[in-house]
Amino acid sequence: AIDGIAEMGCNTVQVVTPMFVADGASTRVELIEGPGRGPTRAQLLSLLVYAKERGLRVHLMPQVNLYAPRGNEWRGKISPHDWAPWWTSYRDAVLHFLAIAAEGDADVFVVGCELLSTQGPEHQRRWRDLIADCRERFNGEGKRLTYSTNWDRFDRVLFWDALDYVGISGYWNLAADAADGDRPTAAELDRRWAEIQEQVLGFAEAEGRPVLLTEIGYPSLPWALRDPWNYVSRGKAAPGAQAR
């Protein structure tokens, strides 16, 4: 895949790698290696090194995955009964990946991904302390830090000033319906994107930070323009909306 990315003429690759909790109430973040879980340290490092050898800038984004979620739980809804051990284990996991990023000469490290339930003021000191630790360890020329939040929550992160980019997972809806045909029109799509652009760039200017789209995508499914974050197929593929 790295070869394909380089040969397409891309200049950057973002590597997403997992850490785990059992469910939303878990108090411990785990590093689990093996098939269906995460790579070994050596495997992940070799991937970063190879990407750099192919002339690519490299971003490393660890993210919390749930391996035994209850219902529709996901990383944005985690809520352990005791946050202290959760934060201790999360910090240890992040610094584990940060050391790999530093050794592999990564350019950007993402300190967290879509942890929406931790974005409130009660967690701000934890985030700022962690970011300061990361800054101390990942401080060479051109090294940058960011955090990745949801497209509908980027204005609720209280610690952008400690980071280099406003990181956003960009799954904005582009249409009220699930059109896979002629609606919305190209002009309607252009207007919707102009709204998004004005909102995001205005916020970035106010924060004094450029925007980094850490994720973006529209699946080949009928609801691609309405709920692009929903990649779970429940029927026939519909590539039209994605192509448009």
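Guide: Helix 2 (residues 41-53) packs against helix 3 (residues 83-103) at an angle of about 40 degrees, and their axes are 9 Å apart. Axes here are lines fitted to C-alpha atoms, for helices over the stretch in contact, and angles run from 0 to 180 degrees between N-to-C directions. Helices (H or I, at least four residues) and strands (E, at least two) are DSSP runs, numbered from the N terminus. This is a predicted model: local features need pLDDT of at least 70, side-chain atom pairs count only at pLDDT 80 or more, and totals for chains, interfaces and linings use all residues. Residues are numbered from 1 along each chain as its sequence is written, and side-chain values use heavy atoms, with hydrogens and water left out.

Now the residues that meet. Helix 2 brings Arg 41, Leu 44, Leu 45 and Leu 48. Helix 3 answers with His 96, Phe 97, Ala 99, Ile 100, Ala 101 and Glu 103. Contact means heavy atoms within 4.5 Å. By class, this contact has 7 nonpolar, 1 polar and 2 charged residues. Ala, Val, Leu, Ile, Met, Phe, Trp, Tyr, Cys and Pro count as nonpolar, Asp, Glu, Lys and Arg as charged, and the others, Gly among them, as polar.

A cavity is a set of points, on a 1 Å grid over the protein atoms alone, where a 1.4 Å probe fits but cannot get out; lining residues have an atom within 4 Å of a point. Grid points are joined across faces, edges and corners, and a volume is the space filled by probe spheres set on the points. The whole structure holds 1 cavity of 30 Å³ or more.

Two strands pair if DSSP finds at least two bridges between them. Strand 5 (residues 165-170) and strand 6 run parallel, joined by 5 bridges. Ile 168 has Leu 213 in strand 6 as its bridge partner.

Definitions and conventions: 1 Å grid on protein atoms, 1.4 Å probe; cavity = no way out; pocket = protein on both sides within 12 Å on 5 of 7 lines; lining within 4 Å.
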